[in-house]
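Grab the viewer and work along.

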Amino acid sequence: MADIAKIWNPETMTADLALDGASLVEDAGLTTRFINALFTDARAPEDLAARDAIDDRRGAWSDFLSPVEGDENGSLLWTLRREKQTPEVLNRARAMSLAALRFAIEDGLCTAIDVETSYPARGRLAIRIIATLPDGRIAEDHFETAAGGA
C-alpha cells in the first residue's frame, strides 16, 4: 500500500508533501514511513517525563485509532532536543530510532535495520538508516534534525 510521499528538507529539518505539479506523489517505499516513524512525536513514558521535567508528554493522535492496544507511533527523539551533544545522547538517539523503526521488521518490510547517528554540526543530529529488504537489497535513508547544543 502506498503512502502520500513526503520529502525531507535538510535545510529546514522538516518534511513536506511531495508534489508533481498540483498532484500528490505516492511512495510505496520506505522513506515516507521512516519520516513518519522518526519525526512523529511518541508519547513520553511517565518515568521519562518525570525525570526530564516534561510537562507535555505529547503523542500521536493516530495511536487512538490503532486496533492493537499499546501499538504507538512515532519516536522519542523530540525529548533529546535540549540535551547536550554527547556520545551518550547519540547512543540514546540510535536506540530511540531503532525502536521507532521496528515496525518495518514486524510488518515484513525489512529483514534487518541498523541506524548510525552522528553530529554533523552544532545543533544537528544526523540519522542514517540501513535497511535490508526481504530480497536482500539494501535501502538507505539519511535525515538531519535539530539537536541540543554542544
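**Exercise 1: two helices**

H1 and H3 are oblique to each other, and the task is to work out why.

Before starting: this is a predicted model, where local features need pLDDT of at least 70, side-chain atom pairs count only at pLDDT 80 or more, and totals for chains, interfaces and linings use all residues. Residues are numbered from 1 along each chain as its sequence is written, and side-chain values use heavy atoms, leaving out hydrogens and water.

*Solution.* 
- Step 1: the axes of H1 and H3 (residues 87–106) come within 9 Å and cross at roughly 140°.
- Step 2: angles under 35 degrees count as roughly parallel, over 145 as roughly antiparallel, 65 to 115 as roughly perpendicular and the rest as oblique, so H1 and H3 are oblique.
- Step 3: Arg33, Phe34, Ala37 and Leu38 of H1 touch Ser97, Ala100, Leu101, Phe103 and Ala104 of H3 (contact means heavy atoms within 4.5 Å).

**Exercise 2: a ring cluster**

Find how Trp8, Phe39 and Phe143 are linked into a cluster.

*Solution.* 
- Step 1: rings of Phe, Tyr and Trp (its six-membered ring) pair if their centres lie within 6.5 Å; planes under 30 degrees apart are stacked, over 60 edge-to-face, the rest tilted. By this rule there are three aromatic pairs.
- Step 2: Trp8 and Phe143 have ring centres 5.8 Å apart and planes at 85°, so this pair is edge-to-face.
- Step 3: Phe39 and Phe143 are also edge-to-face, at 5.8 Å centre to centre and 80° between the planes.

How values were computed:
Axes fitted to C-alpha atoms, helices over the stretch in contact; angles between N-to-C directions. Helix = DSSP H or I, 4+ residues; strand = E, 2+ residues; numbered from the N terminus.
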